[in-house]
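This report walks through selected features of one structure, residue by residue and site by site. Please keep the sequence and the model in view while reading.

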Amino acid sequence: MSVQADIVERVAFDVEAVRRDFPILAREVHGKPLVFFDSAASAQKPRQVLEAERRIYEHEYANVHRGIHYLSQICTDRMETAREKVRAFLNAASAREIVFTRNTTESINLVAASWGRHFLKEGDEVVISEMEHHSNIIPWQFLRDEKGILLRVAPVGDDGEFLLNEFAEMLNERTRLVAITHMSNVLGTVVPVRDVVRMAHQAGAKVLLDGAQAVTHIPVDVRDLDCDFYAFSGHKLYGPSGIGVLYAKEALLDAMPPYMGGGEMIRSVTFEAAEWADLPYKFEAGTPAIAQAVGLGAAIDYVTGLGLHAIGAHESDLLAYANQRLASIDGLKLIGTAPGKASVLSFTMSCAHPHDIGTLVDRAGIAIRVGHHCAQPLMDRLGVAATARASFGLYNTRAEIDVLTEALEGVREFFG
Ligand code: PLP
């Protein structure tokens, strides 16, 4: 983006106007205005997304791809338009490279079950990192147990930084895949994925990036990154739940066998044999999440309308402000302070268990997440059982961070 366009986006970012797009933000919780700091788990939805889904169901709904009737054609067109929006959002070369799934988890499982099962053999190595979400650990453990591959784990530093040199040392001629998060859901660490991809490719390995968190904060260009697979979920990107995306390079998808069998994914079937449909339908068995795909398209329009750079700048400001405010609370320890991290703030308090923190701040109308955040091996690495996590979205404000700070002061006073 040009410097000038960046400035226009920043100036144009009006958080109060943005907030009016999210009906749920007007509600109260326990008699207090809702402060929603749990967007890393799932983000709230703007009117534009709600209306896109409602329009489909009220005026246009029918099954897609099979019907010649009017509504079926409209819905097919809507869904393929959404796919094209995803393509443009990721700057993929072709819409054939965009597979709709249910979520990031299914996207990663698809790669493991199709590419992994087909192309990996005993002794091959898959590198993940210590800060992976369970959804980028378990599918590879399945493969390890089934095929005898070796799972190697790249370490993170004490501040939650990705240790690139240590990662580089893990690569060798047996490394076939690097499957790594683009941004940690616990630490907020943004992994230097461009370097990761370059190094992995030099070693002859493919790269899968888990973009579940990154995609809402950082503009992603899969061609520029040159990653082989990129996975994300609609629901974290202000879109509906039940829709996710797997981007993969076309040559890989061509070579991969189908993941699930059924309708939609075939060209012809006899009792003896079947031929697969063209990409990406080969990987989309069964009736897809039609309205949800359209809703995801609306969410992409929404965030690109605001500008990912502007959103990122707004969230960086919130993160810096929150760091400063929370640092003033006695006994509060921030977990994950890697330079360049994005808007997730994990912490512990010496006076209270994270679950108690969560319960008390909830009474003040504040939604934060507490627990292991589906990253138990990372908790073990950090030597904590759980953390409290405030995560910021494009609709959050500094005033809400003040409310959180006050509530956490209250937690400290309550537990002494
Ligand atoms: N990867 C990361 C980094 C995540 O934060 C999450 C969800 O929190 C996932 C994967 C899984 O996403 P989903 O539950 O939408 O499949």
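With which side chain does the side chain of His30 make a polar contact? The partner is the side chain of Asp362, at 2.8 Å. The model described here is predicted.

## His30

His30 sits in the loop that runs between β1 (28–29) and β2 (32–33). Its relative accessible area is 52%, and exposed means over 50%, so His30 counts as exposed.

Leaving aside residues up to four places away in sequence, His30 touches Asp362 and Arg363. The contact with the side chain of Asp362 includes the polar pair at 2.8 Å. Arg363 is 333 residues from His30 along the chain, yet their C-alpha atoms are separated by 6.0 Å. The backbone of His30 has a phi near 50°, which is a positive value in a residue other than glycine.

## Surroundings of the ligand

Which residues come nearest to the ligand? There are 13 residues around the ligand, and of these Thr105, Asp210, Ser233, His235 and Lys236 come nearest.

Some distances to oxygen atoms of the ligand can be given. A polar side-chain atom of His235 lies 2.7 Å from a ligand oxygen. For His133, a polar side-chain atom is found 3.5 Å from an oxygen atom of the ligand. Thr104 takes part through its backbone instead: a backbone N or O atom of Thr104 lies 3.4 Å from an oxygen atom of the ligand.

## The largest pocket

The largest pocket has a volume of about 210 Å³. It is lined by 16 residues, and the closest to its centre are Phe100, Thr101, Glu106, Ala285 and Pro288.

Which elements each supply at least two residues of this lining? They are β4 (98–101) and α5 (104–119). β4 gives the most, with 3 residues. By type, the lining residues of the largest pocket divide into 9 nonpolar, 4 polar and 3 charged.

## The cavity

How many cavities of 30 Å³ or more does a search of the whole structure find? The search finds 1. The volume of the largest cavity is about 70 Å³.

The residues that line the largest cavity include Ser39, Ala40 and Ala43, along with Gln213, Thr216 and His217. Lys236 and Tyr238 are also in the lining, as are Ser343, Val344, Ser391 and Phe392. The lining of the largest cavity divides into 5 nonpolar, 6 polar and 1 charged. Lys236, one of the lining residues here, is also among the residues that come nearest to the ligand.

Tyr238 lies in the loop between β9 (229–233) and β10 (244–248). Is Tyr238 buried or exposed? Its relative accessible area is 2%, and buried means under 20%, so Tyr238 is buried. Its phi is near 70°, a positive value in a residue other than glycine.

Tyr238 is touched by Gln44, whose contacts beyond four places in sequence also include Phe22, Ile24, Phe36 and Tyr395. Gln44 itself belongs to the loop between β3 (35–36) and α3 (47–60). With 14% relative accessibility, Gln44 falls under the 20% limit and therefore counts as buried.

## Asn323

Asn323 is placed in helix α12, which covers residues 308–327.

Residues up to four places away in sequence apart, Asn323 touches Leu334 and Leu345. The C-alpha atoms of Asn323 and Ile401 are separated by 9.8 Å, and the two residues are 78 residues apart along the chain.

## Backbone details

Most residues other than glycine have a negative phi, and most peptide bonds are trans. Phi is positive in His30, near 50°, and in Tyr238, near 70°. The peptide bond from Leu279 to Pro280 is cis, with omega near 0°. Pro280 is in the loop between β12 (274–276) and α11 (290–306).

Notes. Residues numbered from 1 in each chain as written. Predicted model: local features only at pLDDT ≥ 70, side-chain atom pairs only at ≥ 80, totals over all residues. Heavy atoms only, no water. Helix = DSSP H or I, 4+ residues; strand = E, 2+ residues; numbered from the N terminus. Buried < 20%, exposed > 50% of the residue type's maximum accessible area, 1.4 Å probe, protein only. Contact = heavy atoms within 4.5 Å. Polar contact = N/O pair within 3.5 Å; in protein donor to acceptor, adjacent residues only side chain to side chain. 1 Å grid on protein atoms, 1.4 Å probe; cavity = no way out; pocket = protein on both sides within 12 Å on 5 of 7 lines; lining within 4 Å. Points joined across faces, edges and corners; volume = space filled by probe spheres on them. Nonpolar A, V, L, I, M, F, W, Y, C, P; charged D, E, K, R; others polar. Near = heavy atom within 4 Å.
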